[in-house]
Amino acid sequence: MSDSLVLLNKCEVERLLSYDELIPRLESAMGKFSKRDSSEIIQPVRSVVPIQPYNGFLGVMPSYMAADGILCTKMVTFYQRAEGSSLPSTQATVLLFHPERGHITAIMDGEAITAKRTAAVSAISAKLLMPALSEVLCILGSGQQAKSHYDVFTNVFKFKEVRIWSRRREMAQQFVNDLQGPVRVCSSVKEAVMGADLIVTATGASQPILFGEWVKPGAHIAAVGACRPDWRELDDVLMREAVVYVDSREGATAESGDIILSGAHIFAELGEVINGSFPAQREKTTVFKSLGMGIQDAVSAKLVLEKLKSEH
Ligand SMILES: NC(=O)C1=CN([C@@H]2O[C@H](COP(=O)(O)OP(=O)(O)OC[C@H]3O[C@@H](n4cnc5c(N)ncnc54)[C@H](O)[C@@H]3O)[C@@H](O)[C@H]2O)C=CC1
Ligand SMILES: O=C(O)C1=NCCCC1
C-alpha cells in the first residue's frame, strides 16, 4: 500500500474492526492513560460546542500516543432526536495524522468506531466489575449504542436472560426483531432492571431513568448516556450507594451530570483497575460512568488502518 491518504466509510470500518482485537488494545491504552505519563499519552478533556437551538453539541477529541506513534482527533456531533427520527443521534469522523510530519494519513467514519469502542470499553468494565455469576443482562435504550452493547455482551459473555426497555415499546420490539437471539421486551424500566446482574444505560435521557431502589445489590451498571454536566440517567441514591468507576477522572468531573449533580465520589478509573492500582469491588454494586475518550478512538483507528494494510 502506498503512503497516499486513506479514506474509509462506515461499512469498511465496521468490517475491519473486531471486538476480539479491539478489547485488548483498549485495555492497554486505558491502563497507560491512568498512569498519567505525559511523555506517553496526551489527551485533553473534550472541547464541546453546544448547539442549543437543535439540542445538540459538537465535540472535538484529540490525542497523542507517542510510543504507539498515534496522533488523532475525532469530531463528533450528538443530537437529542425525536423518537423515530431517521437521522442518527451520534455522527463522527476520525482523522489520523503522521506524528512526525504532521499531515493527515487517514480520514475514516467515526460512527462505527464510536459504537464499537464504547461497547468494548463497557465489556471491559463488565469483565472486571460484574458479579462473578451474572445471568441477567438488561439494556435500557434501543439505539446505536444499545445495539453495539448487545452485540459485544452476548458475544463475550453468556447470559441466561437478556431484557430490553425503550421509551416506546415498538422501538424495543423492532430492536428485538432485528436480532437472532431471544430478548424479553419489558414495559417499564423497573420491570427490566429488577434482578438484573448487568445493566446498560444507553439512552438520550437528561433526567434519571434508573433508580437505586430497583437495582439488585452487587449488580454492575455500565452507564453510557448522560454525557453533559446537566444530564442524568442514574438517580442520586444509586450514584451515592454504588462504587463509582470512570474512564477519566477529568472527563467525568467536567462532563457527567450523574457525578457532578449527585456529588458522588469517584473511586477509580477503569485504567487504574487494569493497572492494579485500585481494586475491582465486584462484590459491591458498581457503576462504570463512561464519557468516551480520544485515546479509545485513536487506538481503534490505528487498528482499522493496520487491518487494511494487512490485506494489501
Ligand atoms: N460514553 C460514550 O463514550 C458515548 C456515549 N454516547 C451516549 O450514549 C447515548 C445513546 O447514544 P446513541 O445510541 O448513539 O443514540 P440513539 O439515538 O441511537 O439511541 C438513543 C436511545 O435513547 C432513547 N431515549 C432518548 N431520549 C430518552 C429519554 N428522555 N428517556 C429514555 N430514553 C430516551 C431513545 O429512544 C433511543 O432508544 C447518548 O446519550 C449518547 O450521548 C454516545 C457515544 C459514546
Ligand atoms: O465519546 C464519544 O464519542 C461521545 N461521547 C458522548 C456523546 C457523544 C460521543
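Ligand 2 lies between domain 1 (6-113 + 295-310) and domain 2 (114-293), because both domains give residues to the shell around ligand 2; the domain bounds come from an automatic or database domain assignment. In this predicted model, local features need pLDDT of at least 70 and side-chain atom pairs count only at pLDDT 80 or more, whereas totals for chains, interfaces and linings use all residues. Residues are numbered from 1 along each chain as its sequence is written, and chains are lettered from A and ligands numbered from 1 in the order in which they are written.

The shell around ligand 2 consists of Gly59, Val76, Phe78, Thr90, Thr114, Cys227, Leu291 and Gly292, a residue being near a molecule if its C-beta atom, placed from the backbone, lies within 6 Å of it. Four of these residues are nonpolar, four are polar and none is charged. In this classification Ala, Val, Leu, Ile, Met, Phe, Trp, Tyr, Cys and Pro count as nonpolar, Asp, Glu, Lys and Arg as charged, and the others, Gly among them, as polar.

Ligand 1 also lies between domain 1 and domain 2, since both give residues to the shell around ligand 1. This shell holds 27 residues, of which Ser89, Gly143, Gly204, Gly225 and Gly292 come nearest. Two or more residues are given by each of α3 and α4 (144-156), and α4 supplies the largest share, three residues. By class, the shell around ligand 1 has nine nonpolar, 15 polar and three charged residues.

The C-alpha centres of the two domains are 21 Å apart. Across the boundary, 29 residues of domain 1 are in contact with 29 residues of domain 2, contact requiring C-beta atoms, placed from the backbone, within 7 Å. On the side of domain 1 that touches domain 2, the elements giving two or more residues are α2 (19-33), β6 (90-97), α3 (111-129) and α11 (294-310). Helices (H or I, at least four residues) and strands (E, at least two) are DSSP runs, numbered from the N terminus. The most residues on this side, eight, come from α2. The residues of this side comprise 14 nonpolar, nine polar and six charged.

The largest nonpolar core has 94 residues, among which Leu140, Ile199 and Val287 touch the most other members. Such a core is a set of buried Ala, Val, Leu, Ile, Met, Phe, Trp, Tyr and Cys residues joined through C-beta atoms within 7 Å. A residue is buried if 20 or more other C-beta atoms lie within 10 Å of its own, exposed if 12 or fewer, and partly exposed in between, with C-beta atoms placed from the backbone. The largest share of this core, ten residues, is provided by α3, and at least three residues are drawn from each domain. Beyond residues up to four places away in sequence, Ile199 touches Cys138, Leu140, Val193, Leu210, Ala219 and Ile221.

Glu233 is located in the loop between β12 (220-223) and α7 (236-241). This residue counts as buried because Glu233 has 28 C-beta neighbours inside 10 Å. Thr201 is 32 residues from Glu233 in sequence and 7.2 Å away, C-alpha to C-alpha. Apart from neighbours within four places in sequence, the contacts of Glu233 include Thr201, Ala205, Leu210, Gly225 and Asp258.

Overall, the protein chain contains eleven helices and 15 strands, and 47% of its 312 residues count as buried.

Terms used
Two residues are in contact if their C-beta atoms, placed from the backbone, lie within 7 Å.
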